[in-house]
Structures are given as structure tokens and as C-alpha cells.
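Please look over the sequence and the model shown here before reading on.

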Amino acid sequence: SSRAGSRTRRAPAAVSRGVGCPCTWCRAGDSAPLAAAWRGARGRSRMRAEGAARGEGLERFTSPGKGRGLRAWQRFAPGELLFSCPAYTCVLTVSERGNHCECCFARKEGLSKCGRCKQAFYCNVECQKADWPMHKLECSAMCVFGQNWNPSETVRLTARILAKQKTHPERTQSEKLLAVKEFESHLDKLDNEKRELIQNDIAALHHFYSKHMEYPDNAVLVVLFAQVNCNGFTIEDEELSHLGSAVFPDVALMNHSCCPNVIVTYKGTLAEVRAVQEIEPGDEIFTSYIDLLYPTEDRNDRLRDSYFFTCDCKECITKEKDKDKLEIRKLNEPPSAETVRDMIKYARNVIEEFRRAKHYKSPSELLEVCELSLDKMGSVFEDSNVYMLHMMYQAMGVCLYMQDWDAALRYGEKIIKPYSKHYPLYSLNVASMWLKLGRLYMGLENRTAGVKALKKAIAIMEVAHGKDHPYISEIKNEFKDH
């Protein structure tokens, strides 16, 4: 398939997104069915005649112009679970150690630490034993290297894939429709910079992993890292904070659309795929690989850079949302087309500058970057313009990190209405913003506004996550606690 996987994500674009940032809220630029050419009117008998691999109500097929894909041969309503997929392998992000179980990603207090490295934490002995085949790859190395043990998440995930392929050469429960070895690598499309990054990852793999690893030759490793870069997923919590990286082969079968008809959420290390639109028999199943806030040109720049294709969905062809997403301030003398183009160029540059600055500037310096850019862009753009929203989201994240709750709330209140307009109906970005607002209101003793915001988050999450998801129970308990 043209891309086999989420966000996510992040390769730097698909697996490592968000890592190294001082704040877990600042990934607005990163974290509607398009019917398949083939329709159900041709009959389910044709589908069966193709002899494709199938899940319950789903089948793998050749999607016109897209390669491999997934389509439905039964009807799915919004909120209905199409399928779930356990992680082929996964890795908890280092910053969440002690907050989540290394094995099942459960969030709880009182986790028990590994007696040897004292850096991995588990729910109980069962989780520790289950994780040992993967944790042993890192445990002794962490003891030896100490503070100098710092392989990237991409390297850690790839090491686990190598170990898994060695211990489980047979097809796993995660590969009912697509095997890891079938992943597309797009090796022929990699430029010199991307190839150099892969060689750096290979060097890090050799440096940090040795005792329990058997390495294939360099050419095989290049392919594997390229596959991980295109097919890795980021696991995120209810506020879209980064928890770790994983490989979900069957989920990776879905192709991309900027008007997706399903959404991927996580229950621990289990990926769940639910409909967010009516899906008819014969419809192709589409997810989104990228953040959908941005205008068509930006979305396709991201898709070409990370996944090597251009989207041809209805939204990308009509560009009907672009005018609202790029709304210009209403002035007595409207800005010239050249002024608008220059400001868009400035906005894209400052977004990239801020992304880099998160690694070396202090929170107060980052907030100043946000405020200055908002002042400059605000002379041309409306507050609902997506570039303004991006920098407001970054500013909100910095304020939360600095525990300036009132300032964070002010930014969030400006963001939520245009978010609800620009994003699809059941958007995790909108749900997470309502959730953040609700928790801020609650913390600032505004229970009425807090309950209202949390209920708006729940309404979206009941479709995206399922009504029985633990996150929803946790949020409902927050009503009682206040």
C-alpha cells in the first residue's frame, strides 16, 4: 500500500513525533468516506472470487491506484468496531517510565520496577515475565551505559522487531491480513538525507544492542528501518500525549484519505479501528496518516515527505475547506495576494523554527516565540486561521508546562471553536481539546463549564474509542470527584 500505517508518528516523522519536547501537549502540527472505485453493486460473490485474505466483514484487496488496501463487505455504522489488532511489538517512551506498565501500557500508581536496571516498571510479575523477551534486549545495556543509554524510539522498536522475527517466525495474531515482511519500504524513493538517517540508526542499533541480538546484514537493516519509518504507529493517550511506538500490521493495511471513514484508537497496546462514517459493503476503509487541521498543500507536502504519495481524496481535489482554514483578517484595505503568500511562508517557517527550538529553548523563551509570531501573523490572519491555531496550541502547551492554568485556558478557549469547524465530526484532536478544557475548568473550580466540556469530549470519544473504553470511565469519575 502507499503507506501502511498512523501519526503517529513518527522514523522521525512517524515514530518519534513528540519525543524530546518539554511538553506533551504541543503536537498540533504533527500527533467522510471516499468510496472505492469498486462498489458493492458488483456483488459479494466477486469479492469472494478474488480469494483475498479476510477479517470479519473485511477483506484485503487491490485498491485502484493505491496498491494494497482494506475494504468492507458488510455495513458498519459510526462507532462500530471494525477490528482490533494487538501490537506485533511495542516500546514505551522513556519519559513515561514509572507512569505506565512497560508491557501492557496500563496507567497506574504503585508499579513495580525491574530489580536489575530499575528503569522498567510493571503492573505485576505476569507483565514482567511477559515483557522479559523484549526487555532483556535493553536491561543489561541500560546498566552498562547508564545515563548514556539513549537509542531513539525508532531504534528500540526496530530491535524488538528483529527479536520477534527470530523467536516467532510464524505469522502472529497481528498479521491476519498483512505480514510485517510485506511492509512497503519505499527504498527507491529515499533521498540521501533519509538514507543517512537510516545509517545513523543502524550504527545506534549496533552500539546499544549486542548481547541478545543477531544482526542481519546492512542491506536488510536498511530495508527494515525504511519499513518501520513508513509503517510505525505512535500510541497516544486520551489527551494525545505520546506513550510509545508500535507496529500493528493489519492496521497498516489501510490506505490514507483526508476524509477518513475510520479512526484508530488504543486500549493499552491493542489498536482498535472504529467507523466514524457510514460504511457500505464494497467501500474501501480509509484512515488518516496525518493531522487534518492544515490546508491541502501542507497536508500533501507532509504525505509526500513521509509516505511518498499525493492524496487524491475529495477534500484534496475540491479544496473546499482551504478558504476557511486560511481565513484572512477583515480590514479596510484587504492585504494583497503577495502579502498573504509572504505571511503563509513566514508561518510555515516559524512552525519549523519552533519545532527545533523546543529542544534547546526555555519555556519562557518558547512562549515569547509563540506570542511574537501570533502578533505578526495576526496582522493578516484571523484567529481561526490554522497557522494562528497552531501557535496558540504551542503556547497553550508551554503554559500548561509552566502551570499557568489561566493562560492555558485562555488559549484553549480561542482554539476549540475553529478546531470543531476545521476537523472532521469525530476528531481525536477536538475531543482532546474539550478534555483539556474540561480539566482546566475543573481545576479552576468552574464545575459547570468543566462538566459541559468533559461531556463534549465523551460524546466524541464514545464513537472513536467505544463506550466501554477505560478512558471514558475515568473521565466520568472526574465528575464525581468534583
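In helix 5, the buried residues are Leu221, Val222, Leu224, Phe225, Ala226, Gln227, Val228, Asn229, Cys230 and Asn231, where buried means under 20% relative accessible area, exposed means over 50% and partly exposed lies in between, with a 1.4 Å probe and protein chains only. The model is a predicted one, in which local features need pLDDT of at least 70 and side-chain atom pairs count only at pLDDT 80 or more, while totals for chains, interfaces and linings use all residues. Residues are numbered from 1 along each chain as its sequence is written, and side-chain values use heavy atoms, with hydrogens and water left out. Helices (H or I, at least four residues) and strands (E, at least two) are DSSP runs, numbered from the N terminus.

Helix 5 is mostly covered, since 10 of its 14 residues are buried. At 1.5 Å a residue, the 14 residues of helix 5 (residues 218-231) should span 20 Å, and its end C-alpha atoms are 20 Å apart, which agrees; the expected span is 1.5 Å times one less than the number of residues. The buried residues of helix 5 pack against helix 3, helix 4 (192-208), strand 8 (233-236) and helix 6 (296-307), contact meaning heavy atoms within 4.5 Å.

Threonine 158, which lies in helix 3 (residues 153-167), touches Leu224, Phe225 and Val228, not counting residues up to four places away in sequence. The C-alpha atoms of threonine 158 and alanine 246 are separated by 9.6 Å, although these residues are 88 apart along the chain.

Threonine 89 is found in strand 5 (residues 89-92), and beyond its neighbours within four places in sequence it is in contact with Met134, Leu157, Arg160, Ile161, Ala246 and Val247. Lysine 319 lies in the loop between helix 7 (314-318) and helix 8 (322-325), where it touches Thr296 and Lys314, again leaving out residues up to four places away in sequence.

| Residue | Relative accessibility | Class |
|---|---|---|
| Threonine 89 | 6% | buried |
| Threonine 158 | 0% | buried |
| Lysine 319 | 46% | partly exposed |

The buried residues of helix 10 are Leu366, Leu367, Val369, Cys370, Ser373, Leu374 and Met377. They cover an arc of only 155° around the axis, which puts them on the same side of helix 10, the arc being that of the directions from the helix axis to the C-beta atoms. The face turned away from this buried side carries the exposed residues Leu372 and Asp375, whereas the buried residues of helix 10 pack against helix 9 (337-357), helix 11 (386-401) and helix 12 (405-422).

The axes of helix 10 and helix 11 come within 9 Å and cross at roughly 155°. That makes helix 10 roughly antiparallel to helix 11, and the contact includes Pro363 and Leu366 of helix 10 together with Tyr387 and Met388 of helix 11, among others.

How do helix 11 and helix 12 meet, and at what angle do their axes cross? The axes of helix 11 and helix 12 come within 9 Å and cross at roughly 150°. On the helix 11 side the contact is made by residues including Val386, Leu389 and Met392, and on the helix 12 side by residues including Trp405, Ala407 and Ala408.

Note on methods: Axes fitted to C-alpha atoms, helices over the stretch in contact; angles between N-to-C directions. Parallel < 35°, antiparallel > 145°, perpendicular 65-115°, else oblique.
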